[in-house]
Amino acid sequence: MTGTLTDAPDKEQARTPLARVARLLPVLGSLQGYIGLVLVLLIGIVTQGDVFLSETNLTNAVGAFSSRGILAVGVTLVILTAGIDLSVGSLMGFCSMAAALLLVNEQMPVWQIMPLCMLAGAALGLVNGIGTSVLRIQSFVMTLAMLSIARGLDREMSDNVSVGTQVAGPDGTLTPEAEAFQQLGTPGHNVLEGVWLPFVGKEGVYFPVLAFVVVCVAFHLLLSRTTFGRHVYAVGGNPTAARLSGINVTFVTIAVFTLSGMLAGIAGPIDAAYSAAADPLAGTSYELDAIAAAVIGGASLRGGKGTIVGTFIGALILTLLDNVLGLNAVSDNWQLVIKGSIVVLAVVLQRPDLFRRKEKA
Amino acid sequence: MTARRAATGRAVEGGAATGRRTRPGPHAGPLLAMRAIAKSFPGVRALRGARLTVHAGEVVALLGENGAGKSTLMSILAGVHTDYEGTIECDGVPVTIHSPKAAQALGIGMIHQELNLVPELTAAENIFLGREPRTPRGTVDYRAMDRRAAELLTRLGLEVPPRRPVKHCRIAEQQLIEVAKALNLDVRLLVMDEPTSALADAEVRRLFEVIRDLTADGVGVVYISHRLEELEEIADSVTVLRDGEYVGERAMADTDRSELVRLMVGRTMDELYPRGGEQRSEGPVRLEVSGLSCVPEGGSRLHGIDLSVRAGEIVGLAGLMGAGRSEVLQALFGAYGAGRVGGSVTLDGQPYRPRSPKHALRKGMALVAEDRKAQSLVLANTVRFNTSLASLDRYRRPWHTVDRRREREAVAEQVDGLRVKAPSLNANVDTLSGGNQQKVVLAKCLLARPSLLLMDEPTRGIDVGAKAEIHELMDRLARQGTGILAVSSELPELIGMCDRVLVLCEGRLTGEFHRDAANGPRAEQEALLTAAMAREDVVTGTGGGDAAEPTAGDGTTDPADPTDPADPTDPADPTDPTDPDDRPDTTDTTDTTDTAGTDDDAGTPGGDHR
């Protein structure tokens, strides 16, 4: 064996420029999401030029999609463990309603509403996790049930009526709480004004954009840098091997569903503020957009494969696509058709082996 | 015997038909000739100038280390890879095999190394998958299907009911079901890729009978195996590949193991088992188990097992398939959780209660699981990810982040130390060959720095070179004070590597053998087998020697001594088909060893029973 196995050095150490380029090639291949992103941008620029590129438009586009993008991060986490979370849309709806009711009925300040909503989402996510791991219900079934349960609670809580968040005080102007709540996402309201931030300077930043970016960065670091992230990939890639490697598979499973629920708790108030109201049907079918974003970003429903960077790009593609199609006055119906086709295309492009013959040695 | 013959006769219908087809007119050349085959994968030249010739009625062994290109060559033949260079001729007619279907039309059947069965379907449904017999009404004729499936299974010595779902069959049974599936086809050329990797000796013997039946009918067989002793028995000629190139072809009768090994690895291999040097010194007791019992889900029960492993000692666990060997390791490692395991265990002098693999790892245990793909590796991830997976906590910084630099250094050290052949640490493990994958599993276990290493079939399905390296590693670890408890289905390996071998039968300890070179290898071999099959007088405790008295005339399994590959004239080969006395014995033995099948392998290097 000495003769034949010696060429096993770690070629990582070969840090010549050429070797670096060579190492990047497969990465580029797997991230053709970038190409999609550039294409959508190009279409937007060519067809709508200035309108598309204007700050207002882009801010609105991202703001409209932000809540779904945040959900997509949680869904990615679950998908990485080879599960699926269909309940995120309902959980978000539940949390947006909870946020609106807390604001309207309790006059609670934003800084209390947000953690409470996250807690509520996490609690429902925890139920998903326990059902999946301890009761061993397939995650599809468990979260499908939760989709229904959370939606039911949401509608019961609101008596099936939309709850506006622009609460007026006795003097006819917005109460201070409602004023503050608008910061969460009502278009035209920025947070952190006066604080210098990269890219935007001191003008402040639109909170949904900020929240989406922060969530993405945080979860990207969680997945790529921490032991927990490794465990998530291991559980999705091979649960038996993960268990025999000393990983608590039950804990990891419960944790990803709980985190997904918690992210729905962040998305809820944002959505309520963006729409200026919590609709009992808010978030319906958002889970599909979230899953689509993850899948376009390269996540495999078989688990163990996918990144937050990919999901971020996937979410951006869907965002800008929505926007570009809207600007070009493509009807909603055709938008759905195009979105669906793009999901198929993205998945096919990620599987170059489809075009070759099966290469299983 | 008669009944089986009859069943065989019927089941061979396909084979008989092909027998007629194998002589299409005047052509007298080879059944199959592959010439100058070349095939590249991105970044790797898998094959160049490979060739293979098979005549009707011939068993050609295809030999080479893992990664030598055997599987690639066979995939080309099966129509899996279509973009190859070179020519393939069937009966002297050039053919292009552009799909698996085309290969089937040419009468080429494949038994893949990886099992291709549908777990949820029954044995019979798997055997007839895609060609189910129909009733006149057009529904599946389950009765005919089950009957024919039962015939095929009986022919292979399996007593699996045709209606048993494959997922409830043991690996050995699944492997034979795979063989039955191929037999059910109308094949002229049958490729068997490691068909015996999970089979016990008696099952191997039955399979060989079937192969001989097939060749008598004019079917050509390409047989891939790492077990040289099997090739000596079944193959007519042998073709050797090395690094994707054709190295040579020999008639089996004109060659010997040392030559084959030399052809394969490019050097002579003096010793298969590194027992040279002085005796390993044994330290304090690492593991003391008494009355271990366990009721695992879907495994064999254990009934009160006592054993101990000292530091610096390699203890082997032998037994037939289903004897509960893997279950002992899994139970000790905590894989069944706390509730299902009874008995008392002491680890390094401390009471130890198996709780979870996590707990076991923390206590200094590591497990090399039986099935590396299903149980040990995250295939879609990198060498680095897999190697460090069980010991990530050691590279933990605040906030539970991983210190990736230290992690990479540690992984690189292990990977280099084990000479894992991988393009980089960031290569996915599913791109590595079996031997290298196994080395990654070992690297993972070693990185956890175990003081007690549990190894379940540590060398299954890997090539001779990697195997020798793993044996060396086991010896080195033991010398450094690690206690090793190893399960293997290959008796020569156990006897060659272990200081003591414990024999399990139906979840009970039935024998214990110490290494002691006083008696001949054959005696130990026989004694081990007897203990492994001792259904009645189950002996617990340490005095297993009594139950293991060698039984006269039961030397059914004893292919040549693998510690000495240079000796081609090994006299101890009672499986020789020319020996009329042994054959009926073999089959009788099988019949009494129940459906679970046997799980021991042949061969006996020095050492003996007590």
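Me: What do "buried", "partly exposed" and "exposed" stand for here?
Reply: Buried is under 20% relative accessible area, exposed is over 50%, and partly exposed is in between (1.4 Å probe, protein chains only). This is a predicted model, where local features need pLDDT of at least 70 and side-chain atom pairs count only at pLDDT 80 or more, while totals for chains, interfaces and linings use all residues. Residues are numbered from 1 along each chain as its sequence is written, chains are lettered from A and ligands numbered from 1 in the order written, and side-chain values use heavy atoms, with hydrogens and water left out.

Me: Why is Phe212(A) called buried?
Reply: Its relative accessible area is 4%, and the cut-off is under 20%, so buried it is.

Me: And what makes Phe312(A) partly exposed?
Reply: Phe312(A) comes out at 26%, which falls between 20% and 50%, so that's the label.

Me: What makes Phe208(B) and Tyr223(B) edge-to-face?
Reply: Their centres are 6.0 Å apart and their planes sit at 70°, so they pass both cut-offs. Both residues are buried, too.

Me: How do you know that Arg51(B) lies over the face of Tyr246(B)?
Reply: The rule wants NZ of Lys or CZ of Arg within 6 Å of the ring centre and within 35 degrees of the ring normal. Arg51(B) is 4.0 Å from that centre and counts as lying over the face.

Conventions
Phe/Tyr/Trp six-rings, centres within 6.5 Å; stacked < 30°, edge-to-face > 60°.
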